Amino acid sequence: MEYNTGVPIYLQVINELKKKMVKGELRAGEKMPSGRDLAVEYKVNQNTAARIYREMEMQGYCFTKRGIGTFVSEEENMFQDLKKEMAQELVRSFMHEMSGLGYGKDDIIGQIADYKEEEDDDA
């Protein structure tokens, strides 16, 4: 994973783990990597890995069983809400950037349609 210098690394890893949950790569109730394994996988120190799990636990995305490990939340509905929330944030950011370039709603829709048409032609 390549990190963006403008965003704290622990937040980028949390976002990556949330994406894995939304895509079903980390399923409800599934054991997550140990803090040490997480640190190795994402090339962060163990204190950062511990912070990642603390933050995710505070947000309700995982829970820890002492001596056993950290597990993905068992609340299935949370994943649909998370997916919707992440999609809305992407759209919000996209719309903000496009507006900053001077595009209006219809222009943005046209750009998306053109992009999709080119993408379909390449397939």
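Mentor: Helices (H or I, at least four residues) and strands (E, at least two) are DSSP runs, numbered from the N terminus. K20 is found in helix α1, which covers residues 9-22. This is a predicted model, in which local features need pLDDT of at least 70 and side-chain atom pairs count only at pLDDT 80 or more, while totals for chains, interfaces and linings use all residues. Residues are numbered from 1 along each chain as its sequence is written, and side-chain values use heavy atoms, with hydrogens and water left out.

Trainee: What is the mean pLDDT of the protein, and where is confidence lowest and highest?

Mentor: The mean pLDDT (the predictor's confidence in each residue, from 0 to 100) is 93 for the protein. A value of 70 or more is reached by 100% of the residues. Confidence is lowest in helix α5 (residues 105-122), with a mean of 89, and highest in helix α3 (residues 46-58), with 97.

Trainee: Why is K20 called buried?

Mentor: Buried means under 20% relative accessible area, exposed over 50%, and partly exposed in between (1.4 Å probe, protein chains only). K20 has a relative accessible area of 18%, so K20 is buried. Contact means heavy atoms within 4.5 Å; leaving aside neighbours within four places in sequence, K20 is in contact with E25, L26, E41 and Y42.

Trainee: Which other residues of α1 are buried, and what do they pack against?

Mentor: Besides K20, the buried residues of α1 are Y10, Q12, V13, I14, L17, K18 and M21. The buried residues of this helix pack against α2 (35-42), α3, β2 (69-72) and α4 (76-100).

Trainee: Why are K19 and N15 placed in another class?

Mentor: K19, also found in helix α1, has a relative accessible area of 38% and is therefore partly exposed. N15 has its place in helix α1 too, and its relative accessible area of 32% makes N15 partly exposed. Along the chain K19 and F79 are 60 residues apart, yet in space 9.7 Å separates them, C-alpha to C-alpha. For N15 and E57, 42 residues apart along the chain, the C-alpha atoms are separated by 13 Å.

Trainee: Why are α1 and α4 called oblique to each other?

Mentor: Axes are lines fitted to C-alpha atoms, for helices over the stretch in contact, and angles run from 0 to 180 degrees between N-to-C directions. Angles under 35 degrees count as roughly parallel, over 145 as roughly antiparallel, 65 to 115 as roughly perpendicular and the rest as oblique. The angle between α1 and α4 is about 125 degrees, with the axes 9 Å apart. The two helices are therefore oblique to each other. Their contact is made by N15, K18, K19, M21 and V22 of α1 and F79, L82, K83 and M86 of α4.

Trainee: What is the angle between α2 and α3, and what does that make the pair?

Mentor: α2 and α3 pack at about 110 degrees, with their axes 8 Å apart. That makes α2 roughly perpendicular to α3. In this pair, G35, R36, L38 and A39 of α2 meet Q46, A49, I52 and Y53 of α3.

Trainee: How do α1 and α3 cross?

Mentor: The axes of α1 and α3 come within 10 Å and cross at roughly 55 degrees. That makes α1 oblique to α3. Y10, V13, I14, L17 and M21 in α1 meet T48, R51, I52, Y53, E55 and M56 in α3.

Trainee: Why is K43 called exposed, and where does K43 lie?

Mentor: K43 has a relative accessible area of 74%, so K43 is exposed. K43 lies in the loop between α2 and α3 and has a positive phi of about 55 degrees although it is not a glycine.

Terms used
The expected span of a helix is 1.5 Å times one less than its number of residues.
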